[in-house]
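Reader: Hello! I am new to this structure and would enjoy a close look at a single part of it. Could you take me through the sheet and whatever packs around it?

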Protein chains: 2
Amino acid sequence: MNETTITAKPDTPFIEVVREFDAPRERVFSAWTDPQLLPQWLGPREVTMKLLTYDARTGGSYRYIHADERGEYGFRGVFHNVVPHELIIQTFEYDGAPDQVSLDITSFEDLGGGRTRMHGRTVFSTVENRDAMLAGGMEHGLRDSMARLDEVLAR
Amino acid sequence: MNETTITAKPDTPFIEVVREFDAPRERVFSAWTDPQLLPQWLGPREVTMKLLTYDARTGGSYRYIHADERGEYGFRGVFHNVVPHELIIQTFEYDGAPDQVSLDITSFEDLGGGRTRMHGRTVFSTVENRDAMLAGGMEHGLRDSMARLDEVLAR
């Protein structure tokens, strides 16, 4: 199984994620941007995802709800930049932490041989917001998401 | 004259700006979001500003060009959140540094007596990008902008 590497250096507002996939870059990018595919993998396994808006183009917006037995969790943002197969730069905000916006920079590297390396960088507006997101179970959601994405790509 | 306080702590990707204005919050917010007013103050005095797109609403986009005798400098971004009179959260990218996107959080505080305090926080995707922006004359542009904005508000 491919490993998910998560780096969050102390006293910085950054989280870096590196993950390889056994699929060509076009298919990985598609899973990230196609509103039919995204709800099949984004988030921890115990939640159901309802995608309300997902216009993954430069200048587009998105909004989705994660639901579990305890309640609903809304998320929204805008796409600053979407370069097909290569790069996605978007904002991110959780309804439960209003105005604590972060920036997600996701790039896709073609490793050849039908393999792809994803590099993600999240920049929070303060170190405290980054630490709160880590404490809130971000890592669990992220590792689940990456494993679920493997399953989507294997279909 | 009102002072512009710029704080950029070493080894962080943040720049903080605090500035007071002798004008009510509604007028300061207007100067920030009205496409007729923005080109009258944003940028150093030696440049001319051409506003190509400016849709200062949640989910909107913007693009403008600063021109001086040496050439043209393009900037663009999207608005993550615009709360009238209170808050603007937007992305920012300079054409000359592609994909080095930053996040600008600008809030307006009503001080009473027709005065307003603006608090700006810019979050860069790396410490290096922040340092490059400071080295590139950001402070000069910012101080000029704030003085020009005083003049717009005094009209």
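**A close look at the sheet and its neighbours**

Author: Let's start with one pair of strands. In chain A, strand β7 (residues 102-112) and strand β8 (residues 115-123) run antiparallel and are joined by nine bridges. Along this pairing, A:Ser107 stands opposite A:His119 in β8(A). Please keep in mind that this is a predicted model.

Now step back to the whole sheet. Eight strands of chain A make up an open sheet with antiparallel pairing, and their order is β1-β2-β8-β7-β6-β5-β4-β3. At the edges you will find β1 (4-7) and β3 (48-54) of chain A, each of which pairs on one side only. From one strand to the next, the twist averages 20°.

Next come the helices. Helix α1 (residues 25-33) of chain A packs on the sheet, where it touches β2 (14-21), β3, β5 (71-83), β6 (87-94), β7 and β8 of chain A. The direction of this helix makes about 155° with that of β7(A). Helix α3 (residues 138-154) of chain A lies across β1, β2 and β8 of chain A, and runs at about 20° to β2(A).

Over all chains, a search of the whole structure finds 20 aromatic pairs. Take A:Phe29 and A:Phe108: their ring centres are 5.9 Å apart and their planes stand at 90°, so this pair is edge-to-face. The pair links distant parts of the chain, with A:Phe29 in helix α1 of chain A and A:Phe108 in strand β7 of chain A, 79 residues apart. A:Phe29 has a relative accessible area of 8%, so this residue counts as buried, the cut-off being under 20%. A:Phe108 is buried as well, at 4%.

Ring pairs also build a cluster, which links A:Tyr54, A:Tyr62, A:Tyr64, A:Phe75, A:Phe79, A:Phe92 and A:Tyr94.

Helix α1 (residues 25-33) of chain B packs with helix α3 (residues 138-154) of chain B at an angle of about 120°, and their axes are 11 Å apart. The crossing of α1(B) and α3(B) is right-handed. From α1(B), B:Arg27, B:Val28, B:Ala31 and B:Trp32 meet B:Met146, B:Leu149, B:Val152 and B:Leu153 in α3(B).

Technical notes. Residues are numbered from 1 along each chain as its sequence is written. Chains are lettered from A and ligands numbered from 1 in the order in which they are written. This is a predicted model: local features need pLDDT of at least 70, side-chain atom pairs count only at pLDDT 80 or more; totals for chains, interfaces and linings use all residues. Side-chain values use heavy atoms; hydrogens and water are left out. Two strands pair if DSSP finds at least two bridges between them. Helices (H or I, at least four residues) and strands (E, at least two) are DSSP runs, numbered from the N terminus. Axes are lines fitted to C-alpha atoms, for helices over the stretch in contact, and angles run from 0 to 180 degrees between N-to-C directions. Contact means heavy atoms within 4.5 Å. Rings of Phe, Tyr and Trp (its six-membered ring) pair if their centres lie within 6.5 Å; planes under 30 degrees apart count as stacked, over 60 as edge-to-face and the rest as tilted. Buried means under 20% relative accessible area, exposed over 50%, partly exposed in between (1.4 Å probe, protein chains only). A crossing is left-handed if the near helix is turned anticlockwise from the far one by less than a right angle, and right-handed if clockwise.
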